[in-house]
Amino acid sequence: MNKKKVFNLAKGFRGRAKNCIRIARERVEKAQEYSYRDRRNKKRDMQSLWIQRINAGTRFHSVNYGNFMHGLMKENIQLNWKVLSELSMHEPLSFKALVDISRNAFLGNKNVVHPPRKVSILVSV
């Protein structure tokens, strides 16, 4: 890269990294490495966030994430993670309908009722 392009890319850097060509060139190259890497990491982070939101929505209806997704797959409902997470956050009734469809498609999704736990109280005299 020529000097003009390096300094244009180094705008906003602190100290000599914005006006000394040797340091600016190193910092610009490193910044471009970070931006290349983080464009991929951003996709990974968003996917993780969407899955967490879907999991929270399904747990609210007492179904776990894996069984929910398996039920949708068996019913051939092809919604991506982004759409499912938006539904779980902003359209709870629509998401509940999907959970019900998934629950009926896969027997592992049936509501499991746990018996109440016995609580013992210790009384010291």
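**Figure 1. Asp100 and its salt-bridge partners in the predicted model**. Asp100 is partly exposed, with a relative accessible area of 27%. Salt bridges with shared partners link Asp100, Lys96 and Arg103 into one network. Between Lys96 and Asp100 the N to O distance is 3.3 Å. These two residues lie 4 apart in helix α5 (residues 92-105), so about one helical turn separates them. Lys96 is also partly exposed, at 36% relative accessible area.

**Figure 2. The salt bridge between Glu33 and Lys30**. The closest N and O atoms of the pair are 3.6 Å apart. Both residues belong to helix α2 and are 3 residues apart, about one turn of the helix. Glu33 is partly exposed at 48% relative accessibility, and Lys30 is partly exposed at 31%.

**Figure 3. The salt bridge between Arg37 and Asp38**. Here the closest N and O atoms are 2.9 Å apart. Arg37 has a relative accessibility of 42% and counts as partly exposed; Asp38, at 34%, is likewise partly exposed.

**Figure 4. A positive surface patch**. The patch consists of Arg39, Arg40, Lys42 and Lys43. Lys43 is located in helix α2, which spans residues 21-60. With a relative accessible area of 58%, Lys43 is exposed.

Figure 5. Of its 125 residues, 21% are buried. The whole structure holds 4 salt bridges.

Conventions:
Residues numbered from 1 in each chain as written. Predicted model: local features only at pLDDT ≥ 70, side-chain atom pairs only at ≥ 80, totals over all residues. Heavy atoms only, no water. Patch = residues over 30% accessible without salt bridge, like charges linked within 9 Å, V, L, I, M, F, W, Y side chains within 5 Å. Areas by Shrake-Rupley, 256 points an atom, 1.4 Å probe, with all protein chains shown as cover. Salt bridge = Lys/Arg side-chain N within 4 Å of Asp/Glu carboxyl O. Lys, Arg positive; Asp, Glu negative; His and termini not counted. Charge placed at Lys NZ, Arg CZ, Asp CG, Glu CD. Buried < 20%, exposed > 50% of the residue type's maximum accessible area, 1.4 Å probe, protein only.
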